[in-house]
Amino acid sequence: MAQHTSEHSHGAGDGGHHETPSTSRYLIVFVLLLIFTVLTYVTAKMDLGRANLIIALAIATTKATLVVLFFMHLVDHGTACRLVFGVSTLFLVVLILGVLADVKTRFPAALPHGETVRPEHMMRPHHSEAPVKRPAFRVVSVEPTR
Amino acid sequence: MSSVAHAKTPSTDPAVRFRVHHFDSAVKQQNAARLGMWLFLGTEVLLFAGLFCAYVIYRSIFPQEWKAASHHLNTQLGIVNTVVLITSSLTMAMAIHYAHSNRRIASVLATLITIGGGAAFLVIHGFEYYHEYTVGALPGGFYNYPALPYTGARMFYTLYFLMTGLHSAHVFIGMAILAVLAVRTYVGHFNHAYYTPLELGGMYWHLVDLIWIFLFPLLYLV
């Protein structure tokens, strides 16, 4: 187990009785997080096709890494903690990639899709001649778009 | 009598009072607490993983409707919420720093500001939810939004409400935890040598921020 605690000084203390990590690293991370937030908003406004999603996820992952390492002090905590968090993240990725691989490679008719409106020529005339009641919102025949 | 003298001694110094002796040292006690908390946070990540998984499935089936529905969300309020949570994460880290530096009142104030950030987040979400209620963009079977009469949009709003709802529940729970910790800080349960509960509560709050960091681009910036 890692023996070091956060009582090791990582920089100048701020006048407390004991050595503590300096607060400057929190402020730096905070400013970086704000910069990345602006960056993700700006890149989302641009139309880059498929790259939009990848860039957004990359920026989000970077921000998450900063929060986990410095705000949550994973850099200071032991190897076991890093292992726990790393494995959780790994299984999250495995779950999502596995499901994505399934959905993306399905035969289109095997995908769940919206309600369909039967084409007019297939509708039998209503025996009472009263107009068919329309649903509350218009349903659209949808072939799942790829 | 010696029993009376012993009863008085450990009551005030947190490092002594909260020391449990099945750990060899205080450092090992702190490391064990941190490991336990990381394990719990791992389970929280996997809890949200289920919803992210559903998001992935439905977004890949309904990409056009997803984009259209996302444009109907209020991105400005989403940005404000993001900044609010990131700032509250900063004040939480500062609160732990102050407790570790024996600055009790500063720590209490920083924790209270963090709780205020959480409250602001929930209030802004409340405005968003109210707007969606008025236009009929509700989850699941209650969906009746004339501007987006598509099943894909319904699935988007269902996932939006479920994911932000579960996240907001975590924000609320985090606020309750931090309130208890603020009271404990005020009465002097923490000092430079022992501040573990505050640290763990801070980790929970940072996880809440972490989840929002992913929710925001996935829901608001499609």
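This is a predicted model: local features need pLDDT of at least 70, side-chain atom pairs count only at pLDDT 80 or more; totals for chains, interfaces and linings use all residues.
Let's start with the helix pairs.

| Helix pair (chain B) | Axes come within | Crossing angle | Handedness |
|---|---|---|---|
| helix 5 (residues 75-100) and helix 6 (residues 104-135) | 8 Å | roughly 165° | left-handed |
| helix 3 (residues 26-61) and helix 8 (residues 196-220) | 10 Å | roughly 15° | right-handed |

Take helix 5 and helix 6 of chain B, whose axes cross at roughly 165°. An angle over 145 degrees counts as roughly antiparallel, so that's how helix 5 of chain B sits against helix 6 of chain B. On the helix 5 side, the contact includes Leu77(B), Val80(B), Val84(B), Ser88(B) and Tyr98(B). From helix 6 of chain B, the residues taking part include Ala106(B), Gly117(B), Phe121(B), His125(B) and Glu128(B). Sort the residues of this contact by type and you get 15 nonpolar, eight polar and one charged.

Now for helix 3 and helix 8 of chain B, with axes crossing at roughly 15°. Angles under 35 degrees count as roughly parallel, so helix 3 of chain B gets that label relative to helix 8 of chain B. The residues of their contact split into 18 nonpolar, two polar and four charged.

What about the cysteines? A disulfide is a covalent bond between the sulfur atoms of two cysteines. Searching the whole structure turns up zero of them over all chains. Are Cys81(A) and Cys53(B) buried or exposed? Cys81(A) has a relative accessible area of 4%, and Cys53(B) has 8%. The cut-off for buried is under 20%, so Cys81(A) counts as buried, and so does Cys53(B).

Terms used
Residues are numbered from 1 along each chain as its sequence is written. Chains are lettered from A and ligands numbered from 1 in the order in which they are written. Side-chain values use heavy atoms; hydrogens and water are left out. Axes are lines fitted to C-alpha atoms, for helices over the stretch in contact, and angles run from 0 to 180 degrees between N-to-C directions. Helices (H or I, at least four residues) and strands (E, at least two) are DSSP runs, numbered from the N terminus. Angles under 35 degrees count as roughly parallel, over 145 as roughly antiparallel, 65 to 115 as roughly perpendicular and the rest as oblique. A crossing is left-handed if the near helix is turned anticlockwise from the far one by less than a right angle, and right-handed if clockwise. Contact means heavy atoms within 4.5 Å. Ala, Val, Leu, Ile, Met, Phe, Trp, Tyr, Cys and Pro count as nonpolar, Asp, Glu, Lys and Arg as charged, and the others, Gly among them, as polar. A disulfide is a pair of cysteine sulfur atoms within 2.5 Å. Buried means under 20% relative accessible area, exposed over 50%, partly exposed in between (1.4 Å probe, protein chains only).
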